Every structure is written in structure tokens, then in C-alpha cells.
Amino acid sequence: MLNRSSHQAFYPTDLAACQRVFDQLCKERKLDPSSPEVEALGATLFLLFESGCDDEEALLEVFRKMR
């Protein structure tokens, strides 16, 4: 499990994990970094992470099922 506090601060390890998931999803979906879809992807990723889905593989699975 990644580091996370009760006030939902993002630690460097949290941000690094989110970045890895984000990068992997962008690669898989061949997304343009300037597209609105990328912004929505990032926002959804942080919401899921803050909600307790803080395992990288679990996050990837959630997004893969959403496709």
C-alpha cells in the first residue's frame, strides 16, 4: 500500500505511483497529452486514489474496465 494520510495529502511516493499509472494509461490508449481526455483521466485517477484505491495494479484495472 502507498503512503497516504487521513487529510488526503499526496506524498512523493503517491505522486510517483499516480504518474506511473497515468503514463501507462496514456501509452495504452495512445492519448495526446494536450487532449481533454487526458485531463479527465488525471482528475479521475486522483479521485480514485483519494477514495482509497491506492494500489497501482488496482487503479490500472479500474481504468481498463472503464474503457
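**Helix packing**

Modeller: The axes of helix α1 (residues 12–29) and helix α3 (residues 56–66) come within 10 Å and cross at roughly 35°. Axes here are lines fitted to C-alpha atoms, for helices over the stretch in contact, with angles from 0 to 180 degrees between N-to-C directions. Helices (H or I, at least four residues) and strands (E, at least two) are DSSP runs, numbered from the N terminus.

Colleague: Is the crossing of α1 and α3 left-handed or right-handed?

Modeller: Right-handed, meaning the near helix is turned clockwise from the far one by less than a right angle.

Colleague: Which residues make the contact?

Modeller: From α1 there are Ala17, Arg20, Val21, Gln24, Leu25, Glu28 and Arg29, and from α3 Glu56, Leu59, Leu60, Phe63 and Arg64. Contact means heavy atoms within 4.5 Å. They divide into six nonpolar, one polar and five charged, where Ala, Val, Leu, Ile, Met, Phe, Trp, Tyr, Cys and Pro count as nonpolar, Asp, Glu, Lys and Arg as charged, and the others, Gly among them, as polar.

Colleague: Before we go on, what sort of model is it?

Modeller: It's predicted: local features need pLDDT of at least 70, side-chain atom pairs count only at pLDDT 80 or more, and totals for chains, interfaces and linings use all residues. Residues are numbered from 1 along each chain as its sequence is written, and side-chain values use heavy atoms, leaving out hydrogens and water.

Colleague: OK, α3 again. Which of its residues are buried?

Modeller: Leu59, Leu60 and Phe63, with buried meaning under 20% relative accessible area, exposed over 50% and partly exposed in between (1.4 Å probe, protein chains only). Seen down the α3 axis, they fall within an arc of 100°, so they line one face of the helix. That arc is taken from the directions from the helix axis to the C-beta atoms.

Colleague: And what covers them?

Modeller: The cover includes α1 and α2. Exposed Glu57 and Lys65 sit on the face of α3 turned away from the buried side.

Colleague: Switching to α2, which residues are buried there?

Modeller: Val38, Leu41, Gly42, Leu45 and Phe49. Their arc is 95° down the axis of α2, so they line one face as well. They pack against α1 and α3, while Pro36, Glu39 and Leu47 are exposed on the other side of α2.
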